[in-house]
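Biologist: I have a model open and some questions about its fold. Can we go through them one at a time?

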Amino acid sequence: MPIVIAHRGASFALPEHSRQAYEQALLDGADGLECDVRLSRDGHLVLLHDRLLDRTSAGRGPASKRTLSELRELDLLTLDELIEMARGAGRPIQLMIETKHPNRYGQAVEYRLTALLRRHGLTRPDPDDQVRVTVMSFSPLAVRRMRQLAPALPRVQLMELIPPGLKPSRLPFGARIAGPGLSLVRRRPELIRRLKACGHQVYVWTVNDLADVDLVMSLGVDGIITDRPGAVREHLLSR
Ligand code: G3P
Ligand code: CA
């Protein structure tokens, strides 16, 4: 059975990247938690998908222009807090951390992320630690930086379209996991079969309809990233 990863928490019914959404995902039995990370003006990693604060908070403008304390007032969760929540689950949790827009910040996001993970003892898989980290990006540049900075961490190359020159036998920069979007999977199911045949793991995002769960199951994917971890898990268990 593929593992179930809660996309921005249980974000179908609850505010994305919120404490409530992650608590619900843990209650729903999610195997993992997905999050997007961005830097505050003073260099802290907060959980936020968009560059701007507008859609998901009472704030306005780019998050990168606000300090951590300003972002906390807007109820943004930090990556430190999410790690503590995952540790409190009392069972193994895979934390899937996506770095956004690496070009905008130079190397700062990946450096800060590595330093933070080092502080938590999470830069390499540890059998005694129930939290396991996987890093992800659409940007091959970010995947390469994470290979340099924390080579022991599993890396996901996310893809919305097939990257130019992709050889299914060799993902960019030693990524072990392919992360295609659901629309790509629907259009090119044979790509998934080839990636699997080449020995890669495949995690698909964002799979919310149960008919799509059946589709990706039929292709043998390893991970399902979803806004509805409870419903997807129940469906998988009922099959
Ligand atoms: O888990 C991968 C997925 O989150 C990538 O797309 O836009 O939701 O960050 P997005
Ligand atoms: Ca994401």
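Modeller: First, a definition: two strands pair if DSSP finds at least two bridges between them. Note also that this model is predicted.

Biologist: Which residue in S4 does Leu 33 stand opposite?
Modeller: Start with the strands. S2 (32-39) and S4 (93-99) are listed among the elements that H3 packs against. S2 and S4 pair in the parallel sense, over 6 bridges. Across that pairing, the residue opposite Leu 33 is Leu 95.

Biologist: And which residue in S5 stands opposite Leu 95?
Modeller: S4 also pairs with S5, in the parallel sense and over 6 bridges. In S5, the residue opposite Leu 95 is Val 133.

Biologist: How many residues of S4 are buried?
Modeller: Take the two sides in turn. Ile 93, Leu 95, Ile 97 and Thr 99 point one way, and all are buried. Gln 94, Met 96 and Glu 98 point the other way, and they are buried too. S4 is mostly covered, and its buried count is 7 of 7.

Biologist: Why do the buried residues of H3 line one face of the helix?
Modeller: The buried residues of H3 (79-87) are Leu 79, Leu 82, Ile 83, Met 85 and Ala 86. Look down the helix axis. These residues line one face because they fall within an arc of 160°.

Biologist: How many residues does H3 give to the largest nonpolar core?
Modeller: That core has 64 residues. Leu 33, Leu 82, Val 204 and Ile 224 touch the most other members. Leu 33, for its part, has contacts including Leu 82 and Ala 86. The largest share of the core comes from H3, and it is 5 residues.

Biologist: Is Met 1 buried or exposed?
Modeller: Met 1 sits in the segment before strand S1 (3-7). Met 1 has 11, so it is exposed.

Biologist: How many residues around ligand 1 are charged?
Modeller: The residues around ligand 1 are His 7, Glu 34, Asp 36, His 49, Glu 98, Leu 158, Gly 179, Trp 205, Thr 206 and Ile 225. Of this shell, 3 are nonpolar and 4 are polar. The charged residues number 3.

Note on methods. Residues are numbered from 1 along each chain as its sequence is written. Chains are lettered from A and ligands numbered from 1 in the order in which they are written. This is a predicted model: local features need pLDDT of at least 70, side-chain atom pairs count only at pLDDT 80 or more; totals for chains, interfaces and linings use all residues. A residue is near a molecule or strand if its C-beta atom, placed from the backbone, lies within 6 Å of it. Ala, Val, Leu, Ile, Met, Phe, Trp, Tyr, Cys and Pro count as nonpolar, Asp, Glu, Lys and Arg as charged, and the others, Gly among them, as polar. A residue is buried if 20 or more other C-beta atoms lie within 10 Å of its own, exposed if 12 or fewer, and partly exposed in between; C-beta atoms are placed from the backbone. Helices (H or I, at least four residues) and strands (E, at least two) are DSSP runs, numbered from the N terminus. The arc is that of the directions from the helix axis to the C-beta atoms. Two residues are in contact if their C-beta atoms, placed from the backbone, lie within 7 Å. A nonpolar core is a set of buried Ala, Val, Leu, Ile, Met, Phe, Trp, Tyr and Cys residues joined through C-beta atoms within 7 Å. Lists of a residue's contacts leave out its neighbours within four places in sequence.
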